[in-house]
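Thanks for coming. I have one structure to go through today, and I will keep to what can be read from the coordinates.

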Amino acid sequence: MNKKTIKDFLQKNSTSLAVPLMMIVIGLFFIAFPGGALNLTVKVIGVIFVVVGLVLSGTLIAAYSSVTMVIAIITILLGIICIALPGSVAAFVIKLIGLIIVINCALRIHDAYQIKGISDNFVLYIINDLITLVLGILLLVMPMRSAKVFVIIVGVLMVALGVSNIITAVRIYKDGKYIDDGTDVVWEE
């Protein structure tokens, strides 16, 4: 692409490039600061809880229903806890997920032994469940470290998707116009 084409491309695609660029920036933030990303996510969820609780408490339904008012107050309190203690909340939720995974794997291993001799895939079921069990135990034992690894993986995927979307946009734009590469599907009625 020449200079004029690049300028035209950026003018025509500035809005469509916003999402891939945001994905790259957020992905890089996740990769560089996985703990900060977890805390920020929990704080954002806390703010959402507080806002939802405040809106719910101000509704006409809450004025007439004590149950709705109690739910609104609990939602506000949960939001405040998320804002005040994001690391503890994240660790608790991750441990809870790890516990659920461990219990689920124990039940699945039991189920796999029930079909022993009936199914040829018994070994595959056991291997799959044992790997999942180990991951659940890791979430229980090292919740924040496991979550940070997950956040880094999500960050890498976000950067890859953002770069891929930008490359795709550049590839289909040649000499000041879009190229029809035959991949678009047009629905006819």
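This is a predicted model: local features need pLDDT of at least 70, side-chain atom pairs count only at pLDDT 80 or more; totals for chains, interfaces and linings use all residues.

The protein chain has eight helices and two strands. Of the 189 residues in the protein chain, 27% are buried. If you take contacts between residues at least 6 apart in sequence, 71% of them join residues at least 24 apart.

Now helix 6. This helix has 29 residues. From its first C-alpha to its last it reaches 42 Å, close to the 42 Å expected at 1.5 Å a residue. Which residues of helix 6 are buried? They are Pro86, Val89, Ala90, Ala91, Ile94, Gly98, Val102, Cys105, Ile109 and Ala112. An α-helix has 3.6 residues a turn, so residues three or four places apart point the same way. Keep that in mind when you look at the numbering of that list. The cover over the buried residues of helix 6 includes helix 3, helix 5, helix 7 and helix 8.

Some of those helices come back in the largest pocket. Its volume is about 220 Å³. Helix 3, helix 6 and helix 8 each supply at least two residues of the lining, and helix 8 gives the largest share, five residues. The lining consists of Phe30, Ala37, Leu38, Thr41, Ile94, Ile97, Leu139, Ser146, Ala147, Phe150, Val151 and Val154. in figures, 10 residues are nonpolar, two are polar and none is charged. Ile94 is in the lining, and Ile94 is also among the buried residues of helix 6.

Last, Thr75, which sits in helix 5. Why does Thr75 count as buried? Its relative accessibility is 17%, and the cut-off for buried is under 20%. Setting aside neighbours within four places in sequence, Thr75 is in contact with Phe49, Val50, Val52 and Gly53.

Key: Residues are numbered from 1 along each chain as its sequence is written. Side-chain values use heavy atoms; hydrogens and water are left out. On a 1 Å grid over the protein atoms alone, a cavity is a set of points where a 1.4 Å probe fits but cannot get out, and a pocket is an open set with protein on both sides within 12 Å along at least five of seven lines; lining residues have an atom within 4 Å of a point. Grid points are joined across faces, edges and corners, and a volume is the space filled by probe spheres set on the points. Helices (H or I, at least four residues) and strands (E, at least two) are DSSP runs, numbered from the N terminus. Ala, Val, Leu, Ile, Met, Phe, Trp, Tyr, Cys and Pro count as nonpolar, Asp, Glu, Lys and Arg as charged, and the others, Gly among them, as polar. The expected span of a helix is 1.5 Å times one less than its number of residues. Buried means under 20% relative accessible area, exposed over 50%, partly exposed in between (1.4 Å probe, protein chains only). Contact means heavy atoms within 4.5 Å.
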